[in-house]
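Subject: Structure handover

Hello,

Here is the structure you asked for. Please load it first, then read the notes below.

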Amino acid sequence: MDPPGYNCFVDRDRMDAAVQDLGPKELSCTEPQELKQLARQGYWARSYALRGKVYQRLIRDIPCRTVTPDASVYSDIVGKIVGKHSSSSLPLPEFVDNTQVPSYCLNARGEDAVRKILLCIANQFPDVSFCPALPAVVALLLHYSTDEAQCFENACRILACNDPSRKLVDQSFLAFESSCMTFGDLVNKYCQAAHKLMVAVSEDVLQVYADWQRWLFGELPLGHFARVFDVFLVEGYKVLYRVALAILKFFHKVRAGQPLESDSVKQDIRTFVRDIAKTVSPEKLLEKAFAIRLFSRKEIQLLQMANEKALKQKGITVKQKRQFVHLAVHAENFHSEIVSVKEMRDIWSWVPERFALCQPLLLFSSLQHGYSLTRFYFQCEGHEPTLLLIKTTQKEVCGAYLSTDWSERNKFGGKVGFFGTGECFVFRLQPEVQRYEWVVIKHPELTKPVSSEAAAAPSPLGRPISSDPADRLSPFLSARHFNLPSKTESMFMAGGNDCLIVGGGGGQALYIDGDLNRGRTGHCDTFNNQPLCSENFLIAAVEAWGFQDPDTQ
């Protein structure tokens with residue numbers, strides 16, 4: 001029989017058999033790596049009582065601010081905040097953004113308690129301005145708390161975590177929106193088939209991805225969410241990205257080939273997640289999630305920081321309506337000699353989220369500026385990133401997304417030297433569409449993260465590398481963050497007076513001569529690509545496009 005202290009907020013008749021006490025009663029493990037494995041295996045998931053003990057222990061060990069509200073604070077303030085009113089008649093805090101409190105098999109007393117706890121948290125955390133995940137967190141913690149005050153204290157400790165490397169929940173719109181952008185970037189790289197479907201059926205794919213936290217904190221059934229939370233408390237925020245990617249993969253597998261409407265795809269995913277128990281068990285969901293070989297935690301943190309920076313530059317720090325991504329490429333004012341509006345929109349769906357709302361700006365056209373590589377560099381310098389488009393005399397179309405300003409080539413003293421980052425990719429559009437990303441993204445086994453000793457070592461210029469991850473790891477997917485077997489896996493882009501090269505090692509993905517007249521393409525180690533068009537080709541047209549913020553027009 002379950003300990004009654006854990007069940008005082010729970011409607012026992014609605015509880016699923018999966019949360020009864022069927023497993024071990026104690027956990028003696030203290031080693032982080034062993035705890036991680038036990039969490040993934042669901043060691044305490046089979047015991048309602050043990051899960052409660054483990055949650056208390058894991059939350060107690062979270063490093064927090066010196067002054068963090070505890071159970072006694074709740075006892076002191078709850079009466080003043082709720083008063084004689086029923087908490088169900090009081091509005092929820094603004095920071096939940098109209099998120100409904102998931103029932104999670106709570107009884108009326110439990111649902112009432114969640115609202116009271118959220119109102120007290122709002123009183124104690126005036127700096128929390130946007131946190132739609134919190135109702136689900138509180139509702140779950142209430143299952144494993146002896147009383148409201150203990151649940152309040154545990155939720156406060158999650159919010160008050162002060163370890164910069166251990167992000168737990170977003171607490172501002174800026175953090176939330178940049179997380180949504182980061183999730184979109186990860187979908188673009190790790191769920192390309194699902195991403196292609198979303199782009200095809202969605203008027204605004206970014207709005208679909210902005211729903212990703214709701215899938216986890218609200219739509220997932222209790223049994224699935226509790227298993228995700230088990231691992232989340234041990235491993236942190238990265239787990240949430242993994243599970244959301246897995247959900248999208250399962251959705252694509254189930255719905256591929258079925259008709260989807262643009263105005264319903266967001267709701268279709270929510271419904272799928274709500275009913276996920278019919279097709280996917282919690283174990284299958286986590287198995288899929290951990291089969292995704294994601295970037296390191298530091299690399300994801302850097303991507304998140306880049307997205308936050310882009311939002312700040314656009315002045316997006318509070319909730320506001322965002323424009324449709326498709327409108328970034330306007331049919332009425334876009335003209336290219338190489339690609340159609342539809343093709344440019346397809347390319348735009350591949351670029352990092354922080355540039356997806358920018359509009360294409362023609363920097364160079366061989367038909368306007370002449371067939372000169374020198375003029376190409378002159379027109380492109382000062383712009384980052386850029387998009388290279390090539391049309392051959394055989395009407396083949398290919399190109400590259402290039403992450404770094406072409407002025408970087410000047411650092412090599414006139415010699416051809418490679419630069420750029422792992423965000424670069426190459427593609428072909430005609431005769432068929434194919435994109436090739438940095439080989440490390442699909443084959444992380446080629447590399448190991450830079451060791452802490454290497455990170456602390458002096459830079460090649462003799463200056464010590466900063467301990468601040470924003471300094472040490474910038475820019476995102478810089479080759480120096482990885483122990484690569486050779487330089488051939490990081491030959492992203494290079495430019496000299498007589499040639500332009502994209503991709504290297506064993507060949508070049510693209511090579512263009514100084515007259516922009518001839519080129520060649522083949523397999524290269526950096527992108528592990530097939531030839532992008534005829535291996536030796538004559539150029540009909542070359543274009544370079546930049547990314548213009550709509551507000552600067």
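What share of the contacts in the protein chain with a separation of 6 or more comes from residues 24 or more positions apart? The share is 73%. Contact here means heavy atoms within 4.5 Å.

Ground rules first. This is a predicted model: local features need pLDDT of at least 70, side-chain atom pairs count only at pLDDT 80 or more, and totals for chains, interfaces and linings use all residues. Residues are numbered from 1 along each chain as its sequence is written, and side-chain values use heavy atoms, with hydrogens and water left out.

Overview

The protein chain has 23 helices and 13 strands. These are DSSP runs numbered from the N terminus: helices are H or I with at least four residues, strands are E with at least two. Of the 553 residues in the protein chain, 56% are buried. Buried means under 20% relative accessible area, exposed over 50%, partly exposed in between, using a 1.4 Å probe and protein chains only.

Arg57

Arg57 sits in helix H3 (residues 48-60). Arg57 is buried and has no salt bridge. The cut-off for a salt bridge is a side-chain nitrogen of Lys or Arg within 4 Å of a carboxyl oxygen of Asp or Glu. The nearest side chain of opposite charge is Asp61, 4.5 Å away. For charge, Lys and Arg count as positive, Asp and Glu as negative; His and the chain ends are not counted. Leaving aside neighbours within four places in sequence, Arg57 contacts Leu27, Cys29, Thr30 and Leu35.

Tyr190

Tyr190 belongs to helix H8 (residues 173-190). Its relative accessible area is 11%, so Tyr190 counts as buried. Tyr190 and Ile441 are 251 residues apart in sequence, yet 8.2 Å apart in space, C-alpha to C-alpha. Beyond four places in sequence, Tyr190 touches Lys249, Ile292, Arg293, Leu294, Phe295 and Ile441.

Helix packing

Helix H12 (residues 222-235) packs on helix H13 (residues 238-255) at about 145°, with the axes 8 Å apart. H12 brings Val228, Val231, Phe232 and Glu235 to the contact; H13 brings Val239, Leu240 and Val243. By class, six of these residues are nonpolar, none is polar and one is charged. Nonpolar covers Ala, Val, Leu, Ile, Met, Phe, Trp, Tyr, Cys and Pro; charged covers Asp, Glu, Lys and Arg; the others, Gly among them, are polar. Axes are lines fitted to C-alpha atoms, for helices over the stretch in contact, and angles run from 0 to 180 degrees between N-to-C directions.

Strands

Strand E1 (residues 359-365) is mostly covered, with five of its seven residues buried. E1 runs antiparallel to strand E13 (residues 536-548), and six bridges join them. Strands pair if DSSP finds at least two bridges between them. Pro360 has Phe547 of E13 as its bridge partner.

Backbone points to check

Most residues other than glycine have a negative phi, and most peptide bonds are trans. Glu384 and Pro385 are joined by a cis peptide bond, omega about 0°. Pro385 is in the loop between helix H20 (373-380) and strand E2 (386-392). Gln430 and Pro431 are also joined by a cis peptide bond, omega about 10°. Pro431 is in the loop between strand E5 (425-430) and strand E6 (434-437).

Asn98 is not a glycine but has a positive phi of about 65°. Asn98 is exposed, at 70% relative accessible area. Leu477 is not a glycine either, and its phi is positive at about 60°. Leu477 is buried, at 0% relative accessibility.

Best regards
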